[in-house]
Each structure stands twice: as structure tokens, then as C-alpha cells.
Amino acid sequence: MRYITAGESHGPQLTTIIEGVPAQLELVAEDINVDLKRRQGGYGRGRRMQIEKDQVQILSGVRHGKTTGAPIALVVENKDWTHWTKVMGAEPLSEEEEKEVKRQVSRPRPGHADLNGAIKYGHRDMRNVLERSSARETTVRVAAGAVAKKILHTFGIQVGGHVLEIGGVKATAIQYDTIEDLRERSEASPVRCLDKEAEAKMIEAIDQAKQEGDSIGGIVEVVIEGVPIGLGSHVHYDRKLDAKLAAAMMSINAFKGVEIGIGFEAARRPGSQVHDEITWNEEDGYSRQTNNLGGFEGGMTTGMPIVIRGVMKPIPTLYKPLQSVDIDTKEPFAASIERSDSCAVPAASVVAESVIAWEVANALLETFGADRVEAISENIERHNEHARKF
Ligand SMILES: Cc1cc2nc3c(=O)[nH]c(=O)nc-3n(C[C@H](O)[C@H](O)[C@H](O)COP(=O)(O)O)c2cc1C
Ligand SMILES: C=C(O[C@@H]1CC(C(=O)O)=C[C@@H](OP(=O)(O)O)[C@H]1O)C(=O)O
């Protein structure tokens, strides 16, 4: 499968076209809307989220609740567009309008894409950069991810996500029974955190950052269970699935690091306390005593849960702006203040689920792909039986 996205933060809409989704997959708008709503939520979001009510329109590739195998076009409207039609319209402005609009952004925000993008593309008005670098684009990445999740769920593969850390407050009581349990409990938390004590402190930390005109980041975790052994491949660097997941996580706006399994902790332990011992029984086939390697060996899935974490830096736009330089006057200046979130880690955990689900669904189709759902099911069953007996 592949997808591309288009659309600006304050333009009319965000669009994605997804190609390669098998036919006969049950898919309705509500499957996608649930995740769009989850992405809009989470404690720490700014005023924009009160304007938007993200809902998908499925414009092609689905008929009477089932995919046809044709490209799927999905659209999410920006409600804020009505306030930006002059500033963001595609048609040239008259001289009069030009004066009236006067919304040129010339003070780059440290930490955002403004300055690099402006220099690279030659935009004196940095709005041309910020509109596309905005995480508003993650609406349609989440929409594409919801389709990927639907594919995974259809084959008994479950995806969950939660928040492990915000502004230095770490969640420790994060045990869960099943992915369903993880999903329900993170859903019930305003910061998507399983640890109730940490949750309260995270909320305090966000309030404090907001009060001080500052922002904070954190760590999210995504878990995927029920993955067959052998997705991805060891045979070539660009077929290693763990590498693709790492790239997907890093592609989320403001993400600066990734860990799979125990991740960086592996540097501190001897091999005997890292590698996951192998067992076999008639009923389940091969399994592991532990899952320190987060479901991957040799760029391939081990059949154990995929466990991947991502680090989000604090939001760059600060109400207490950092020093910057006005690109027109070259004078030092406080950076432009755009309306902003103070913490988007809970929302980003939904984005992380989506981009990881996409990569796993894609790898699944690469290995077991067929034109229709039933044939894929048969391929997976045959493979699982082969792996169990092997
Ligand atoms: C869900 C989400 C919401 C975000 N909200 C904001 C925001 O309100 N203000 C802001 O400056 N950055 C926000 N960001 C981060 C910027 O989009 C990001 O820092 C910017 O695109 C530069 O890219 P980089 O940080 O990956 O280098 C958000 C990121 C995510 C994932
Ligand atoms: C719009 C979304 O997030 C936006 C991401 C974002 C950024 O710079 O990344 C900046 C803010 O945009 P605005 O200035 O319009 O409030 C956020 O609200 C969204 O997540 O849907």
C-alpha cells in the first residue's frame, strides 16, 4: 500500500489517497472518525481544537461499506478555513487585498520548520512553510492509519498506545492485562496514561507549563499484538521492518527519538539479560520467555508483541517566545507567536499508533498480500500453521 497527503493547516481541507487496500474490507467513516476524535483530544491542546470537529469523507474506493480495491480518497475539512480564505486562498490577491491581509510571517520560531523551510524554498513569507509543516497534516495520517488498523483487526492483530512520560513525570504502574484493557484505560485518561498517580502529576506539569507560557514533551508507547512471525526481512537493509517503524515514528512532527523493546537500556545489560529465550509447545509453536527486543530480530517480527516508543520534544511555539531574528530587518526579535498547544503528547500517541499500524499492515500485505481479504486470511492461516509445526 502507499498513500500521500496534501493540504495546509488553514487551507480548505486535508486529503489523502490510499492505494493498494485489498477489496472486501469492511470500512465505514465511523471506523476512521473514532481515531480522528481521539487525535483531537488529550490534555494540553490549544484553542484550535475547539474550532475543529474532524470528520472524514470517504470519496472513493468504498461502496456500501466495503472496499472495492480501488484507490481510497479521504478528506477532512478545516473548519478554521472560513477565517483564512483571503490569507490562504489559491487565487492571487489584488493590491488592496494584499495590504488588507498583511499577515506575512518573518520571525522564525526556534524548533519549528520556519527558517530552514523558508531558506530552502525561497519563501519570504514563512506562512508557506508553517502551513504544511504543521501537525494538522497528522489528521489524514491518522485517517490512513485507521484504515491500516481495520486491516490489522480483520486478521486478529490488535493495536494500542499510551503515554509513558510528560515533562519529566514518568508513569510506572503501566501493567495491563490485554490490549483491550490498555486501550480502555488509556482512553479513560485525559493524558492517555495508565498510571493514575502519574496522570495527576502530568496534568499539573501541563498546567504549569501553560501558565508560564512554556511547553513540554514526553514519551509515547505503541504495542501491537497478534503479529505473525516473519514480517519484514533480514535479506536487505530497506526491508527491515524495525527500521521502517523507526522511520515512521521519527516522521511524526516533533519526534526526536525511538526505542524498540528495552531500547537504549540494552546498552547497559549483558547479552544474557537482553536476548529472549526460545520455547516451543504443540499448541502455540515457538514463543519467547521475555520480550526485551520488542518483537524484532533480524528486521523480522518474532511473533511477540511489537513494542515501540517515541520521544516528543516540547512544542516549539511558546507564548513566552525565544529570541529569533526578523528575516526582513535582520534585527533580533522575539519569535512570532502563533496560537499553539502547550503539550500534544497524548494526541501524538494516537498519531504514533496510526503510523506504526500503517507500516505493520503494509508489511503484512507484502508477505500475505492478495487482492481480497478472504485470500489474505487463508495465506496468514497457512503461514501460522507452518510456523507452529516448523
Ligand atoms: C499532535 C501534534 C500537535 C502539535 N502542535 C503544535 C503546536 O500547536 N504548535 C507548534 O509549534 N508545534 C506543534 N507541533 C510540533 C510541530 O508540528 C513540529 O515541531 C514542527 O513541524 C517542526 O518539525 P520537527 O519538530 O519534527 O523538527 C505539534 C506536533 C504534533 C504531533
Ligand atoms: C491544527 C492542529 O494542530 C496544530 C499544529 C500546529 C503545528 O505547528 O504543528 C500548530 C497549531 O495550529 P494553529 O496555529 O492553527 O492552532 C496546532 O493547533 C491539529 O492537530 O489538528
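Modeller: Let us begin with a definition: a residue is buried if 20 or more other C-beta atoms lie within 10 Å of its own, exposed if 12 or fewer, and partly exposed in between. Please keep in mind that this is a predicted model.

Colleague: How is that rule applied to Ala-254: is the residue buried or exposed, or does it fall in between?

Modeller: Ala-254 has 19 other C-beta atoms within 10 Å, and is therefore partly exposed. Its place is in the loop between helix 10 (241-250) and strand 10 (255-260).

Colleague: What can be said of the backbone of Ala-254, in particular its phi?

Modeller: The general idea is that most residues other than glycine have a negative phi. Ala-254 has a phi near 80°, a positive value in a residue other than glycine. Gln-24 is another such case, with phi near 75°. Gln-24 is found in the loop between strand 2 and helix 1. With 15 other C-beta atoms within 10 Å, Gln-24 is partly exposed.

Colleague: Which class does Gln-289 belong to, buried or exposed?

Modeller: Gln-289 has 10 other C-beta atoms within 10 Å, so it is exposed. The residue sits in the loop between strand 12 and strand 13 (296-297). If neighbours within four places in sequence are left aside, Gln-289 is in contact with Asp-276, Glu-277 and Thr-279. Distance in sequence and distance in space may also be set side by side: Gln-289 and Ala-347 are 58 residues apart in sequence, and their C-alpha atoms are 33 Å apart in space.

Colleague: How is strand 12 joined to strand 11?

Modeller: A hairpin joins the two strands through 3 residues. Strand 11 (residues 278-281) and strand 12 (residues 285-288) run antiparallel, with 4 bridges between them. Within this pair, Ile-278 stands opposite Arg-288.

Colleague: How many bridges pair strand 1 with strand 2?

Modeller: These two strands pair in the antiparallel sense over 5 bridges, strand 2 comprising residues 13-19. One can follow the pairing at Ala-6, whose bridge partner in strand 2 is Thr-15.

Colleague: At what angle do helix 1 and helix 11 pack?

Modeller: The angle is about 145°, and the axes are 7 Å apart. Asp-35, Arg-38 and Arg-39 of helix 1 meet Ala-347, Val-350, Val-351 and Ser-354 of helix 11. This contact has 3 nonpolar, 1 polar and 3 charged residues.

Colleague: How many residues surround ligand 1, and which are the closest?

Modeller: There are 20 residues around ligand 1, and the closest are Ala-135, Asn-253, Thr-317, Asp-341 and Ala-344. Helix 11 (residues 345-368) gives the most to this shell, with 3 residues. By class, the shell has 10 nonpolar, 9 polar and 1 charged residues.

Colleague: Which residues are the closest to ligand 2?

Modeller: They are Arg-48, Ser-134, Ala-135, Arg-136 and Arg-339, in a shell of 13 residues. That shell divides into 1 nonpolar, 6 polar and 6 charged residues.

Colleague: Finally, how does the radius of gyration of the chain stand beside that of a compact globule?

Modeller: A compact globule of 390 residues would have a radius of gyration near 21 Å; the chain has 22 Å, which agrees. The C-alpha trace spans about 75 × 50 × 40 Å along its principal axes. Of the 390 residues, 40% count as buried. The chain has 12 helices and 17 strands.

How values were computed. Residues numbered from 1 in each chain as written. Chains lettered and ligands numbered in written order. Predicted model: local features only at pLDDT ≥ 70, side-chain atom pairs only at ≥ 80, totals over all residues. Pairing = 2+ DSSP bridges. Near = placed C-beta within 6 Å. Nonpolar A, V, L, I, M, F, W, Y, C, P; charged D, E, K, R; others polar. Rg over C-alpha atoms; globule rule 2.2 N^0.38 Å. Axes fitted to C-alpha atoms, helices over the stretch in contact; angles between N-to-C directions. Contact = placed C-beta atoms within 7 Å.
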